[in-house]
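Subject: Structure handover

Hi,

Here is the structure we talked about passing on.

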Amino acid sequence: MSPARPCRGMRAAVAASVGLSEGPAGSARRGRLLRPPSPAPAAPGARLLRLPGSGAVRAANPERAGWTEALRAAVAELRAGAVVAVPTDTLYGLACSASCSAALGAVYRLKGRSEDKPLAVCLGRVADVYRYCHVRVPEGLLKDLLPGPVTLVLERSKELNKDLNPFTPLVGIRIPDHAFIQDLVQVFGGPLALTSANLSSQASSLNVEEFQDLWPQLSLVIDGGPIGDGQSSEYRLGSTVVDLSVPGKFGILRPGCALESTTAILQQKYGLLPSH
């Protein structure tokens with residue numbers, strides 16, 4: 001990885017100014033960052049903030065205020081270049097700004113991950129895929145698979161930080177079928193780098209207690225409750241990773257938890273052929 005570029009702003013300044021307006025990281029309106037409601041005890045160096053209700057479904061009034069506070073806290077940390085833990089539709093993940101080179105380096109260090117292993121990019125909407133990737137598949141295919149438990153590997157565009165996976169012209173795109181992380185990416189206003197919340201080579205995490213050893217190195221842990229039933233081996237497989245970079249073909253790079261349904265869509269509906 002090339003030398004890290006500084007991220008926009010200092011943590012204190014960002015925390016004091018973050019709001020809920022959408023837009024590029026660092027463009028938030030000035031406002032007061034309220035403290036999260038009833039934070040649970042956490043290891044030193046990390047705040048543990050529980051989402052109201054089910055983290056996978058947008059909170060309704062009167063719990064909406066708690067949802068908004070969690071978004072504000074997470075956006076503040078991400079804009080300050082921090083790494084936060086978030087729930088997704090398959091696993092708990094570690095997220096940081098994909099535009100912040102220092103944060104990308106921090107993810108690799110705290111996971112003990114080899115820098116030649118790519119990080120996925122998390123987006124909030126299918127329309128955003130066209131900005132960060134060169135798309136050579138029908139739009140309907142994207143909408144059939146996203147949001148969902150899949151990672152689509154496409155040719156990256158120049159809009160992505162050159163320090164993100166500099167060793168490959170491809171990038172894996174995720175739009176989890178999870179309300180909180182979709183809201184988070186859209187409010188943050190830019191792509192997030194995303195990887196599983198665990199040390200490399202260790203089991204993936206379906207609840208926040210399973211990666212407690214990482215808490216001291218994180219700025220914020222968002223607890224959305226257990227993923228699925230909190231135990232299912234199927235969820236621990238993570239997303240199904242599909243290479244769509246070659247027109248007319250697809251390659252399964254990781255079977256994941258949605259292999260059967262994903263393959264059926266690619267072959268039966270769109271007539272794509274397996275590449276190997």
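Predicted model: local features only at pLDDT ≥ 70, side-chain atom pairs only at ≥ 80, totals over all residues.

Start at strand 2, which spans residues 84–87. Both of its faces are covered. V84 and V86 lie on one side, A85 and P87 on the other, and all of them are buried.

Strand 2 pairs with strand 3 (residues 92–97). The two run antiparallel and are joined by four bridges. They form a hairpin, with four residues between them.

Strand 2 also pairs with strand 9 (residues 220–223). Here the strands run parallel, with two bridges.

In strand 9, the bridge partner of A85 is V221.

**The largest pocket**

The largest pocket has a volume of about 840 Å³. Its lining is made up of 35 residues, and those closest to the pocket centre are R113, P118, T195, V241 and R254.

Which strands supply at least two residues each to this lining? They are strand 3, strand 6 (150–156), strand 7 (170–174), strand 8 (192–196) and strand 11 (249–254). Strand 7 gives the most, with four residues.

**The nonpolar cores**

In soluble globular proteins, nonpolar side chains tend to be buried together. This model has a largest nonpolar core of 52 residues. Within this core, V129, F211, L218, V221 and L244 touch the most other members. The elements that give two or more residues to the core are strand 3, helix 3 (101–111), helix 4 (129–132), helix 5 (139–145), strand 6 and strand 7. Helix 3 gives the most, with six residues.

There is also a second, separate core of 24 residues. Among its members are V84, V86, C122 and V187. V84 and V86 are the pair on one side of strand 2.

What does F211 touch, leaving out residues up to four places away in sequence? The list is A85, Y92, A197, S205, L218 and V221.

Best wishes

Key
Residues numbered from 1 in each chain as written. Heavy atoms only, no water. Buried < 20%, exposed > 50% of the residue type's maximum accessible area, 1.4 Å probe, protein only. Pairing = 2+ DSSP bridges. 1 Å grid on protein atoms, 1.4 Å probe; cavity = no way out; pocket = protein on both sides within 12 Å on 5 of 7 lines; lining within 4 Å. Points joined across faces, edges and corners; volume = space filled by probe spheres on them. Core = buried A, V, L, I, M, F, W, Y, C linked by side-chain atoms within 4.5 Å. Contact = heavy atoms within 4.5 Å.
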